[in-house]
Amino acid sequence: MSMQRTALWWRRMAVMIIKELKQLYRDPVLLVIIAYFFTADVYLAGSGAKITLYNATFVVIDHDHSAASRELIYAFRPPYFDFQGELADARSAEKLLNNGEILAILDIPNHFQHDLLQGKPVALQLRLDASNMSLATLMSDYSAELVGRYGQNYSLQQLGLSTEHIQTVPIIDDRHRVLYNPNQTDSWFMSISELLTVITMLSMMLPAAAAVREKERGTIEQLMVSPLTPIQILLPKVLAMGLVILFAVAVSLYGIMQPAFHVPIQGSTGLFFAVTALYVFATSGIGLFIASISRNLGQVSMLVLLIIMPIILLSGAWTPPEAMPTGLRYAMYISPLSYFIEMGYGILLKGADLEILWDSLLGLTVLGSIIFSLGIWRFQIQ
Amino acid sequence: MNRKRIWAVAYKEWREILRDRLFFSMAFLLPVLMLMVLGWGISLDVENIPFAVLDQDKSHLSRDFLHRFIDSRYFSYRGDVQKAEQLDTLLAHSDIRFALIIPDKFQEKLLAGQSTAVQSIIDGVFPYRAQVAKGYVSAIINNFNAHSLADFIARTRGISQEQALALINPVHLHPRYLFNQALRSSWSMASGLMMLVLMITPPMLTVLGVVREKENGSIYNIYASTISRGEFILGKLLPYFLISCINILILWSIVIFLFNAPFKGNPLFYFAVSVLYVICTTGIGLLISFLVNTQVAAVMLTMVITFVPAMLYSGLMMPLSSLSDSTQLLAHAFPAMYYLRLTWGSFLKGLGWDALWGNVVALMLYAGLLWIIAYLNFHKRPRQ
């Protein structure tokens, strides 16, 4: 008897899942958009963005015109810097800077070489466009290091302590190694981050839209009088959308991120998809909750946008936990994306396994179950 | 064009917006919240980088070296470990982002006038942070080296330590940060985010308003009425456009009073170009709403078209000069870049029409083109 009932339960579920998939299939524009999100959008995010110093344009006002000053200018090399030529007067250089055509002006004073040879300290001035703050920081850090190294080499040569005799001077050689992304390829970070954000948005939006559409059109009444329980109405929506999202993630990972950006998959693929499935489940709970308090899709999309921003902010995607104020750091525990980010980067880039990620997985499971039950419960009492 | 009909449609739309209280409050709340969350959230300041140390020397000098990291506000010390493997685990678990290994004979070699090497291991998952962290590490080590070298030269050449220090560090760079002297991240970010928020919310409101009529079928009332295409579009969008204009003022006040950003330009000029920009972005929404038939699709399409390009291809986060040629083209084909120049020009640089007119013209062309295409794509007799 109970066997039969279970079989019936599952058959009803299967019918409902197929219904949801058909409904999605019949909205070709939406399908195209979902495809766009997981392919072109991820590609755009990964291919354009570089927050590293690259092709920074600058001009030089060289008052010295000596071998030393030319050598210094030569140190500002591509791909980091893009030398736009020398200018005679400060006024025209400043105009270029104002209009955003160049990013910096390097000013080399008179007697630059003369003072260097005499062992006198020399000051160079670098004027930077700081309206874009991250760029200005990177640029001044790089330039300071370049100039410092140039000066040191110059005077060490004067003292007869050239870099070939490095063994015989008491200095520390910095051997740095960057783990997980040795060449600091921005496209790895950006494309993964975009993929995780897209998953968050769609797993919230799609089930919520599917649920509220039934309300808006009145078809929910039909489902209410059918022998289906609320769970049998809601769960298929989540499962159907979850299937679509998992399929799209696979397309994105193997069709875009690997061929175009060579994003490595260091850890277990199975674990990555399992974690993604769990995450989709957790966030769709938020979607169902939103659908239960909204009357139409306008409200749903506004609320999704409203909720998704704090979730992303508290996820550590832009600001890692250590850089957050203490209060916000604790608030991160209620953002499901923070666990997913930790595990997503962990599995893909760091090659982490369950031994390392078990606490994040546990956190996501607990949080996900709470959110999901809340969503279902809220819908049920309507 | 009949002004009475436009007014009638606008009034009907306004009443509809007012009656959906959740939607109405969101129309004002969402932009504000977006600006505040992103303004405080996207911090590119790199501080308190957690790190651990494997000190194989445990000498006076190695402690001295280590304290340069511990005392720096850029790093946050999380303790010593005994084995190199422990560092790997801590890094994999994101407990630390940076590890330092000081070799044995560190002190012995330095005192004997020989060089030695330390190893710094940096978590490279977020390349920008890794790069900045690497810069801090180099700066600390260079500073240590300068002093160590100066001591050495002072001893071997018989000059004073200050002289030696000046001798080995002859060139200094004095950076001057124009337009944002104190390098406040919130100044560039908060003002720049006006571009992002006004890129996303006006089209969002527009598509929801127009596609709702299409999905409900109430648009057939319009098709059957005497109202012309142009009248309908103008009347329909007037309320949403007004909401966005009010939002310009609200956002502007938040950037000035909450984020304390300076405003050096002409407020009237800036308001005028902001209205022009809102006309552009509303036009994007209008175009989307004539292309799709369901609200879900419309909302998603709006997100896709507006968010990523405005975030990544406008110059807000990363400079346009670092883009490749094809993506440069994309950036120029999008209104966000022009408006961002106008925004930073007005807020931080104090520029006006003389320097920025090219961007205004670009926005005008963009707005005109969008509205014409949208108008041509709207038919009162929908083809099947």
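How are α9(A) and α10(A) oriented to each other? The model examined here is predicted, so local features need pLDDT of at least 70 and side-chain atom pairs count only at pLDDT 80 or more, while totals for chains, interfaces and linings use all residues. Residues are numbered from 1 along each chain as its sequence is written, with chains lettered from A and ligands numbered from 1 in the order in which they are written.

Helix α9 (residues 230-261) of chain A packs on helix α10 (residues 269-293) of chain A at an angle of about 135 degrees, and their axes are 10 Å apart. Helices here are DSSP runs of H or I with at least four residues, and strands are runs of E with at least two, numbered from the N terminus. Axes are lines fitted to C-alpha atoms, for helices over the stretch in contact, and angles run from 0 to 180 degrees between N-to-C directions. The two helices α9(A) and α10(A) are therefore oblique to each other, a class left over once angles under 35 degrees are called roughly parallel, over 145 roughly antiparallel and 65 to 115 roughly perpendicular.

Among the residues making this contact are Leu234(A) and Ile245(A) of α9(A), and Phe273(A) and Leu288(A) of α10(A); residues are in contact if their C-beta atoms, placed from the backbone, lie within 7 Å.

Turning to the two chains, the contact takes 97 residues from chain B and 98 residues from chain A. On the side of chain B that touches chain A, helix α6 (residues 127-157) of chain B gives the most, with 15 residues.
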